[in-house]
Amino acid sequence: MRRNRPIPQASGPRSWRSRRWIALAVLVAAGVGFWSLAPRPLFKSPLSAVLEARDGELLSARIAADGQWRFPEMQQVPPRFAQALVRYEDHRFESHPGVDVFALGRAVRDNWRARRVVSGASTLTMQLARLVRSRDGKAPRRNLWSKGVEALLALRLEAGYSKQELLALYAGHAPFGGNVVGLEAAAWRYFGRPPDQLSWAECATLAVLPNSPSLVNPGRNREALRQKRDRLLRVLAREGRMAEVDLQLALAEPLVQAPLALPDDAPHLLDTLRARHPRQFRFHSTLDATLQRQAVQLTRERGEELDANGIGNVAALVVDNRSFEVLAYVGNAAWQSSGRRSLAVDIVQRPRSTGSILKPFLYAAMLDSGQLLPRMLVPDIPTQFRGFAPENFDRQFRGAVPADEALAQSLNVPAVRLLRDYGYARFYDLLQALQFSTLTQPPDHYGLSLILGGAEATLWDVTQAYANLADRARLRQEAGPPPAPHPLVWMREAEVAQGPKAAARLVPLSIGAAWLTQSALLEVKRPDEEANWKQFASSRRIAWKTGTSWGLRDGWAVGSTTRFTVGVWAGNASGTGVPGLTGSLAAAPLLFALHNRLPAADWYVEPAPALRRVSVCADDGFLASDLCTAVDALVPVQSHFDRQTPYHRAVHLDATGRFRVDAGCERVSAMRHAAWLVLPPAMEHFYRARRSDYRPLPPLRPGCRGEDAADGRGTLEFIYPGPGGKIYVPVDLDNRKGHAVFEAVHRDPAATLFWHLDDEFAGQTSHVHQLTVDIAPGMHVVTVVDGAGRRLTRGFEVLARGGGYTAPK
């Protein structure tokens, strides 16, 4: 009978329980160590920033911080290169788990026989493991310990990545000679094209380089490189991976020469994107590679021409009006890190004075608000608003101009007067709704100067607004309120932020107003080489506008077809003004050169549902009465314009038609009655000088009083001072107090006017009614009287200008 033996107690570390826990701990530690061999991320090396076109073509790149051309990793390796690399480095790559035991056995045998290391048995995965261990810039020593670590790391990598991912990681970080790291950088540096466009010979050349990167040095080891390449090509052909004819062509290809310069066709956009997204290194843009290169070349040529005239910078932007994708982005005339011209500055994103470039949006807004008709006469006369006296660029006045012509001619005085009527705060809100991002001050800061360059905008924002205007002018089927403005798109990836954005707001511009505005801009006079465009059927219909800032510092030109919008800015990044720096002379030639490189587009179809017809006077553009010749005009369908012509009136003439008469001096039965266009005296004064067809009112027949006998408002008009005027007396260069110059107009060019200042006679004028007076600060009243006793009175205030003037002793 067996005796029951007592169970031994676990009394020490060598007990079976202790040994079990120790073994488990060892396994856990080994497992943790195995899984921790591969760091996350695998590589910390700095990367090159890369900008690609919409089709993936390389546009620009910047070298990595460590001086290496190391592009971001590709997702996939092109099949040709993958086949060449696997066949050259590791032909059992697809079947082994990271370590090739057959190759390991062969290496042991060969090294034993040679009594030295002649074969390393490293798989592609083991080579990747070595690159991972070298990621801090220090290559590990080549010994058995390193081989063991790399083998374990290779097993770990195989467990965590697919074979395609491992190939991509290796191809992205393998050395290819010099400061070229990774397949993509090597393809561009040595062959000037992306990896998927490489020939068999080029793929074979790059496949042998990571094993011997020094072979690529020009003038050295050329024959060794050729032999390795050709040997690999023959192996690939023997295995049926390439046809015999392809082999012969590949063997005939010359070897790679000196490294090529990388494309740099959009350097400013790449620098801007890097600054905004410092953690991203590959940017897939919306740019069209061919158009971008053409735009760069045209801008560079224009920049050289302008530089000869002291204008150092020019930038351009091309936008698709349907998708709002940026097709070309040229941030400056060239790219240079230093120099007097500041060519490294991305002008597209820099705020600049707008000049007249915002006028079309005021025009469209007032058409919609019912305050304007396209052919309505607007005053173009000397104007002052609280010391602000706008002037037209040519320093002339036209008296009265149709609104669409005032826009096409970019007249400043009518624009300021229209903005006063519309309200600058209201216009400020419109610009913000159009996503102008640089209006950082309240409306009162800009005031009426907002329409003449008192604010700043970027070429990006301006081109975006014009593209939205062009898009809005297209007839649509959808109903409902106007959409929010479309922001420009410059990146293809949804996760990358686009250009500067403002809060989405509805745009209060109708289809009809946008179409009428585009029609007006079509009439803007083009530069000399485009001046006769209407005479050629092949000419492009472009609605365009220029802008020139005060002091000739900024020249703008923006123009749209139905499909594309082009924006151009020219000037000096420093803000220095230059004679001749205008939008028409400096920027417009590049605008039309760029449009000529774009596909032609049909003009707009008239958006009949968005328009309605109204009857207007043919000569003043206001709603017609029975006193004028009426014609039809188009207005936005929602326009509530209700102002009947204020300038037509019935005139009573004598039988000869030479004199005006009234019931006090002529029988009614003897009178002739006529409808007459009668402009206010100031408007008439300048208008009749330019319009030979304008008929001034006939004079009163002697003995007739007329309705304006005592009241001079219909015959006389002050030009200066203006109504409610506050004026400053200028200070001369020698610090002496200057004089004020008062001015008035009279319907009769031969009239003599008598001037009184504060009820004291001040002088008389004939023909040109200007009077120079020395006047003290304070409230004053000026009165003018003509020979018939008609008088006009105006009060004003002279403000004492602080500082500057010192009374002579």
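Does Tyr720 count as buried or exposed, and at what relative accessibility? Keep that residue in mind as we walk through this predicted model. Tyr720 counts as buried, at 17% relative accessibility, because the cut-off for buried is under 20%.

Strand 19 covers residues 716-720 and is mostly covered, with four of its five residues buried. Its pairing partner is strand 21, residues 740-746, and the two run in the antiparallel sense over four bridges. Strands of a sheet pair through backbone hydrogen bonds, either parallel or antiparallel.

Tyr720 and Phe742 form an aromatic pair, tilted, with 6.5 Å from centre to centre and 50 degrees between the planes. Since Tyr720 lies in strand 19 and Phe742 in strand 21, the pair ties together parts that are 22 residues apart in sequence. Phe742 is buried too, with a relative accessible area of 1%.

To see a parallel pairing here, follow strand 20 and strand 26 (residues 791-799), which are joined over four bridges. Among the residues involved, Ile727 has Val798 of strand 26 as its bridge partner.

Now back to aromatic rings. The whole structure holds 15 aromatic pairs. One of them brings together Tyr329 and Trp460, again tilted, at 6.3 Å centre to centre and with 55 degrees between the planes. This pair links distant parts of the chain: Tyr329 belongs to strand 7 (residues 326-330) and Trp460 to helix 18 (residues 459-472), 131 residues apart. Both partners are buried, Tyr329 with a relative accessible area of 1% and Trp460 at 0% relative accessibility. Ring pairs also bring in Trp490, so that Tyr329, Trp460 and Trp490 are linked into a cluster.

Rings can have charged neighbours as well. Arg62 lies over the face of Trp335, 5.0 Å from the ring centre. In another place, Lys163 lies over the face of Phe93, at 4.5 Å from the ring centre.

Another arginine is worth a visit. Arg352 lies in strand 8 (residues 352-353) and counts as buried, at 10% relative accessibility. Its side chain makes a polar contact of 2.7 Å with the side chain of Asp554. Leaving aside residues up to four places away in sequence, Arg352 touches a set of residues that includes Ala455, Glu456, Ala457, Trp556, Trp569 and Gly575, along with Asp554 itself.

Our last stop is helix 4, residues 124-133. Nine of its ten residues are buried, so this helix is largely enclosed by the rest of the structure. Among the buried residues are Leu124, Met126, Leu128, Leu131 and Val132, and also Gln127 and Arg130.

Definitions and conventions
Residues numbered from 1 in each chain as written. Predicted model: local features only at pLDDT ≥ 70, side-chain atom pairs only at ≥ 80, totals over all residues. Heavy atoms only, no water. Pairing = 2+ DSSP bridges. Buried < 20%, exposed > 50% of the residue type's maximum accessible area, 1.4 Å probe, protein only. Phe/Tyr/Trp six-rings, centres within 6.5 Å; stacked < 30°, edge-to-face > 60°. Lys NZ or Arg CZ within 6 Å of the ring centre and 35° of its normal. Polar contact = N/O pair within 3.5 Å; in protein donor to acceptor, adjacent residues only side chain to side chain. Contact = heavy atoms within 4.5 Å.
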